[in-house]
Amino acid sequence: MKRIVIGLCLMTVSLMAELYQVWATPEFAEKNMKIIDIRTPAEWRETGIVKGSYTIMFFDEKGNFNVPDFLEQLERVVKKDEPFALICRVGSRTGIVSEFLSERLGYKVTNLKGGIMKMIHEGYKTVPYQP
């Protein structure tokens, strides 16, 4: 019986979860969707950030992460059922994190493939990061 209940809970979460994969473009930055930048402070300073985005580091410079800390900060910015997008440098980290948030925790996530570097390459003008 316990296995059935756990299975039903997991199915419910996966039914509510949404994961979209879209290319990071300057046009996407103009959409009315919150963008969470999961890079490191050094990266934010180096390239700047998407105007209006939220900076919440997931992996540190050594590749370490603290899921409870990240989720605590994320929940201050987005509600569980609110669609939002993740961006990093080239889309590798957001690919991992967006899948985790969607499939394991039921968030409605858009992974911005190509990351901030693709947007900059396409002419997007970032704004300076200010802690």
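**View 1. Salt bridge of Glu122 and Lys118.** Glu122 is partly exposed in this predicted model, its relative accessible area being 39%. Here buried means under 20% relative accessible area, exposed over 50%, and partly exposed in between (1.4 Å probe, protein chains only). Glu122 pairs with Lys118 in a salt bridge whose closest N and O atoms are 2.2 Å apart. A salt bridge is a side-chain nitrogen of Lys or Arg within 4 Å of a carboxyl oxygen of Asp or Glu. The structure holds seven salt bridges. Residues are numbered from 1 along each chain as its sequence is written. Because the model is predicted, local features need pLDDT of at least 70 and side-chain atom pairs count only at pLDDT 80 or more, while totals for chains, interfaces and linings use all residues; side-chain values use heavy atoms, without hydrogens and water.

**View 2. Salt bridge of Glu72 and Arg76 in helix H4.** The side chains of Glu72 and Arg76 meet at 2.7 Å, N to O. About one helical turn separates Glu72 from Arg76, because they are four residues apart in H4. Helices (H or I, at least four residues) and strands (E, at least two) are DSSP runs, numbered from the N terminus. Arg76 is exposed at 61% relative accessible area, whereas Glu72, at 43%, is partly exposed.

**View 3. Salt bridge of Arg89 and Glu46.** The closest N and O atoms of Arg89 and Glu46 are 3.4 Å apart in this salt bridge. The pair links distant parts of the chain, 43 residues apart: Arg89 sits in the loop between E4 and H5, Glu46 in helix H3. Arg89 is partly exposed, with a relative accessible area of 25%; Glu46 is exposed, with 54%.

**View 4. Nonpolar surface patch at Val90.** Val90, Met117 and Ile120 form a nonpolar patch on the surface, with about 210 Å² of accessible area together. Patches are made of residues with over 30% relative accessible area and no salt bridge; like charges are joined within 9 Å, nonpolar side chains (Val, Leu, Ile, Met, Phe, Trp, Tyr) within 5 Å. Accessible areas come from the Shrake-Rupley method with a 1.4 Å probe, and for residues only the protein chains shown count as cover. Val90 lies in the loop between strand E4 (84–87) and helix H5 (92–105) and is partly exposed, at 47% relative accessible area.

**View 5. The two sides of helix H5.** Arg93, Thr94, Val97, Ser98, Leu101 and Ser102 are the buried residues of H5. They line one face of the helix, since they fall within an arc of 135° when seen down the axis of H5; the arc is that of the directions from the helix axis to the C-beta atoms. On the other side of H5, Ser92, Ile96 and Arg104 are exposed. The cover of the buried residues includes strand E1 (18–23), helix H3 (41–47), helix H4 (67–77), E4 and strand E5 (108–113). Contact means heavy atoms within 4.5 Å. After H5 comes Gly106, with a positive phi near 80°.

**View 6. Surroundings of Ile56.** Ile56 is in the loop between strand E3 (54–55) and H4 and counts as buried, at 3% relative accessibility. Leaving out residues up to four places away in sequence, Ile56 touches Ile36, Asp37, Ile38, Trp44, Phe70, Gln73, Leu74 and Val77.
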